[in-house]
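Open the model in your viewer and keep the sequence panel beside it. This tour goes from one selection to the next and says what to look for at each stop.

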Amino acid sequence: MLTQFDALNIIAFHEEALRDAEWPDGTSDPLTPGAWYWVHANHRYNTLLWREEDKARRTDVGPAAIALSKRLIDRHNQRRNDAVEAMDEAILATLPHVSPQAGARLSSETAGAMIDRLSILALKIFHMAIQAHRTDAGDRHAATCRIKLERLGTQRHDLALCLDQLLTEAARGEAYFKMYRQFKMYNDPDLNPYLYRPGRRQ
């Protein structure tokens, strides 16, 4: 597992995982908890989520199959968000003695949220590249996908720069981010009225 925690290595991990024929089913999380553990988990659940999102849009199966995909989407999305929060906790734990300087910049987006976005961009780039090289879809389709692929690459490059800037500035006390909780109410049986009152009418 990579040890240097920066955008370049995170992107390399995302891409390497997607090239693995056994990803995400035949893989396991790294043994040592920490930021890399949660980068791995986040990318895995994003990949599972991507697959189920595709499957949920099928028109050749019955409602039961679609309902199953929808439930898996909900489960994977919750675990993806849990991994984002755990990434932020792990990253902040490496900065316990760094105090923000006077006038330090508060980043409204956390490092974990940026890494989550890099994971999603890796998936978009991976699948858009497949579309750009399809031989059964015509030249126009391939050309359109190549344009989109270039734009996705630019977006990922820009986001990677922002992540590295935040990590560098946070280590110097020039910027900081806080631990934000998502509080997904629809997944909580104590907060979703359709779960704690299952007989509730529309």
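**Stop one: a serine in a helix**

Ser69 has a relative accessibility of 2%, so it counts as buried, the cut-off being under 20%. Keep in mind that this model is predicted. Ser69 sits in helix 3. Now show its surroundings. Leaving aside residues up to four places away in sequence, Ser69 touches Glu52, Lys55, Ala56 and Arg58.

**Stop two: along helix 3**

Stay on this helix and select Arg75. Helix 3 covers residues 63-93, and Arg75 is part of it. Is Arg75 buried or exposed, or something in between? Its relative accessible area is 44%, so Arg75 is partly exposed. Arg75 and Tyr45 are 30 residues apart in sequence. In space, their C-alpha atoms are 9.2 Å apart.

Select helix 1, residues 7-19, and then helix 5. Helix 5 spans 139-172. The two axes come within 9 Å and cross at roughly 135°. Angles over 145 degrees would count as roughly antiparallel and 65 to 115 as roughly perpendicular, so helix 1 and helix 5 are oblique to each other.

Which residues meet here? From helix 1, pick Ala7, Ile10, Ile11 and Glu15. From helix 5, pick Arg156, Ala160, Leu163 and Asp164. Colour this contact by class: 5 residues are nonpolar, 3 are charged and none is polar.

Move on to Glu174. Where is Glu174 found? It lies in the loop between helix 5 and strand 2, the latter being residues 175-176. Glu174 is partly exposed, with 33% relative accessible area. Its contacts, not counting residues up to four places away in sequence, are Gln101, Ala104, Arg105 and Glu169. Glu174 and Val98 are 76 residues apart in sequence, yet 9.7 Å apart in space, C-alpha to C-alpha.

**Last stop: the cysteines**

Select Cys145 and Cys162. Cys145 has 5% relative accessibility and therefore counts as buried. Cys162 is partly exposed, with a relative accessible area of 39%. A disulfide is a covalent bond between the sulfur atoms of two cysteines. How many disulfides does the structure hold? The number is 0.

Note on methods
Residues are numbered from 1 along each chain as its sequence is written. This is a predicted model: local features need pLDDT of at least 70, side-chain atom pairs count only at pLDDT 80 or more; totals for chains, interfaces and linings use all residues. Side-chain values use heavy atoms; hydrogens and water are left out. A disulfide is a pair of cysteine sulfur atoms within 2.5 Å. Buried means under 20% relative accessible area, exposed over 50%, partly exposed in between (1.4 Å probe, protein chains only). Helices (H or I, at least four residues) and strands (E, at least two) are DSSP runs, numbered from the N terminus. Contact means heavy atoms within 4.5 Å. Axes are lines fitted to C-alpha atoms, for helices over the stretch in contact, and angles run from 0 to 180 degrees between N-to-C directions. Angles under 35 degrees count as roughly parallel, over 145 as roughly antiparallel, 65 to 115 as roughly perpendicular and the rest as oblique. Ala, Val, Leu, Ile, Met, Phe, Trp, Tyr, Cys and Pro count as nonpolar, Asp, Glu, Lys and Arg as charged, and the others, Gly among them, as polar.
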